[in-house]
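I want to look up a pocket, a helix pair and a hairpin.

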Amino acid sequence: MTLVMLVDDVPSLGVIRGAVAERSPAGFAPLTDEGLEFTGRIESALAASPAVLALYPSWRPDAAGRLLRFARASLGTRRLAIVPLDLPPLALSLVADQLAFLAPYVEPGTLATVAPRLAGLMVAGARVNSVTRLEHVRTGFGDHLASYLPGSEFLVTAAPHQAVHRVAGDAAPPAGYAPSPPVVVLAAEHGGDGAWVRDRLGPALGAVSVAAVGDQPLGAEYWRAKRYVEFVAFSGDSGVLQSVVRAAECEPCPWCGTPVGSPVCPFCAMVQPVRTPPPAAAPPAPGEAGPGPGRAPASPRADASASAPPARLVTAPP
């Protein structure tokens, strides 16, 4: 199966049942001993797996991107998919382990294609005391000014959409998108109000479980605030992940041949041609029999293998 690797200091949350993406640090140059050892690890993984899917935070592109591009070039391989993701650390860690959960059942190109789409299935953000230094989520001039007012607090979301809202005291967060039930919320406190996540955010999202996890090492670099509580809410039903896999339309890359569905092939970095979607199927003519009791419907397109992943996604019941 495809080996899923997260390159940077983003530890696992340990909440996905039986699946953990491999982690690797990224704070070294490719030609150092650590860098050559990293390339050797990729080579060993490719010898044992059909492909390696390497994720890294797009807002820290230099170290991880340089390591991965060097490894792909020096090994001369087209089986290393490099996928940068614009997600805060808690959500990034979750997506990596979700992909590791799917890896035994999904082809490498499809797995790389759905990686950035998983952000649309979750709510990721933080409650912060200031947005004056926030760089990775768009903020308005008024939000910057409000940060200087005593007692200011903000709800910042990075997925599924970027947004900044002022919040007061223990008021409930603004209503918006919620993942499919059962909703699980994970929160990491960094001097922020963890009780607000438990008592306000969780109920607003219809969560059946709100759990505390360890603070991510890169959290302070992403949120750039003295006090914050970072959170991610997602569905505990693995069928939600399967639906994203089934919806992924992949075509062979003209350059490396790997079926992918992203604008740029993550395996060879070549821009994909714009493909014209096939015409919609014509409705049956009058009197023509459609699917019925004695006629099986057409089989839906499936990119995953016949063996489906287990229904429960989290390691413990809510």
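I looked up the second largest pocket, and its volume comes out at about 230 Å³. (A pocket here is an open set of points on a 1 Å grid over the protein atoms alone, where a 1.4 Å probe fits, with protein on both sides within 12 Å along at least five of seven lines; lining residues have an atom within 4 Å of a point. The volume is the space filled by probe spheres set on the points, which are joined across faces, edges and corners.)

This is a predicted model, so I note that local features need pLDDT of at least 70 and side-chain atom pairs pLDDT 80 or more, while totals for chains, interfaces and linings use all residues. Residues are numbered from 1 along each chain as its sequence is written, and side-chain values use heavy atoms, without hydrogens and water.

Of the 16 lining residues, Ile82, Val83, Pro84, Val264 and Pro266 lie nearest the pocket's centre. I count α2 (61-75), β4 (80-85) and α4 (108-114) as each giving at least two lining residues (helices are DSSP runs of H or I, at least four residues; strands are E, at least two; numbered from the N terminus).

**Hairpin**

β6 (153-159) and β7 (163-167) pair antiparallel over 5 bridges (pairing needs at least two DSSP bridges). They form a hairpin with 3 residues between them, and Leu155 stands opposite His165 in β7.
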